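I opened the model to look up its pockets and one of its helices. My notes follow.

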Amino acid sequence: MSCLDSVELGLMSTSSCTRCVHPGTGSSILSSLQDLPLALWPCSSRMEKHLQVISVLQFVVSFLAMGIACTLLLIYMFCTDCWLIAALYTAWLIVDWNTPKRGGRRSSWVRNWTVWTYFRDYFPVRLIKTHDLLPNRNYILGYHPHGIFCFGAFCNFGTEATGFSKKFPGIKPSLATLAGNFRLPVLRDYLMSGGICPVNRHSIDYLLSCNGTGNAVVIVVGGAAESLHCVPGVNSVTLKNRKGFVKLALRKGSDLVPVYSFGENDAYKQVIFEEGTCWRALQKRLQKILGFAPCLFYGSAWGIVPFCNPITTIVGEPITVPKIEDPTEEMVDLYHGMYVRSLRCLFDKYKTRFGLKESDILHIQ
């Protein structure tokens, strides 16, 4: 896909000139530095790899700790001489409370940060377009599988690192995530700047009804429950009883688009607890309370940095959906079945290109 352009500096001619200047000048210092062994200079490829690791690490840490850390900091500031700043921000938070439900506040500048290109290149993450998405329609993109952190979903739809806007001109993606994240200070603004919205009825209704056309809401259909089953090398999605997104598509007349990311489950290894064990019961209980599943996972460095395995996201063919204000259960089942078949076909068509065998199948649970 795309790569960073490098510019070579012509130092050969300058080095020959600087060797002739008098000692003690700035040019003579430059000449001395150029005479140092190459081994003493930082390796550019190694430096780039470090930047890639840092970019991924900041995303993971931000997701896990930014909201809680900023909440505690805000409370602490009320007990210090900075209480006025905390009070002003809290007042702003109250006034701005419903913004995430009304399309959010995306920033093209944030979506195009250079840090996201390093994030993309760490794995690397790629986005493959199979069909056009017309700007005069709205879409619901079902993303599979969830993985641990949805790296592919964030990189492709929460940033411009893989060139979504160039591949799908006129389409504005909105990645839907836990509504609870938008109740936490600073984190909510960070997420909204990437075009990320709460995965609730009010937010999605606004994007598909009150925001014109050319909107693509990306829903990770399997959700937190699916993350408890993600294991490297296993191709399984939670979809059989997930029909709410299909009903929503029918109510809004928004086309359904299956999306599958090969390699999403390979970012981490996870300790899977058997059904019926107390640890499994605790995970499910916390999932209901917190809204996300507390997985016991580990990666390559310090346990928290993911493995740098490729993640390739395939955007499938849109399924044209009629607008029905009150769809029947039979109608929902019909389009849900069409979606499942389309997702299977997408998986089967591309699986051998990304290291899977022809005999591998997509498990729908």
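Helices and strands here are DSSP runs, numbered from the N terminus, and a strand needs at least two residues. The model is predicted.

Entry: second largest pocket. I looked up which strands line this pocket. β7 (255–262) and β10 (311–315) each supply at least two residues of its lining. β7 gives the most, with 3 residues. I noted a volume of about 260 Å³ for the second largest pocket. Its lining has 18 residues, and Phe262, Gly263, Asp266, Phe354 and Leu356 are the closest to the centre. By class I recorded 8 nonpolar, 7 polar and 3 charged residues in this lining.

Entry: largest pocket. I read off about 1200 Å³ of space. The lining holds 49 residues, with Phe63, His146, Thr177, Leu178 and Asn181 the closest to the centre. I then went through the elements that give two or more residues to this lining: α3 (44–77), α5 (108–111), β3, α9 (187–193), α10, β5, α11 (223–227) and α12. The most comes from α3, with 6 residues. I sorted the lining of the largest pocket into 32 nonpolar, 14 polar and 3 charged residues.

Entry: helix α10. I returned to α10 for its place in the lining of the largest pocket, to which it gives two or more residues. Which residues of α10 (residues 201–209) are buried? I listed Ser203, Ile204, Asp205, Leu207 and Leu208. I next checked what these buried residues pack against, and found the strands β2 (139–144), β3 (172–177), β4 (196–198) and β5 (215–220), together with the helix α12 (244–252).

Note on methods:
Residues numbered from 1 in each chain as written. Predicted model: local features only at pLDDT ≥ 70, side-chain atom pairs only at ≥ 80, totals over all residues. Heavy atoms only, no water. Buried < 20%, exposed > 50% of the residue type's maximum accessible area, 1.4 Å probe, protein only. Helix = DSSP H or I, 4+ residues; strand = E, 2+ residues; numbered from the N terminus. Contact = heavy atoms within 4.5 Å. 1 Å grid on protein atoms, 1.4 Å probe; cavity = no way out; pocket = protein on both sides within 12 Å on 5 of 7 lines; lining within 4 Å. Points joined across faces, edges and corners; volume = space filled by probe spheres on them. Nonpolar A, V, L, I, M, F, W, Y, C, P; charged D, E, K, R; others polar.
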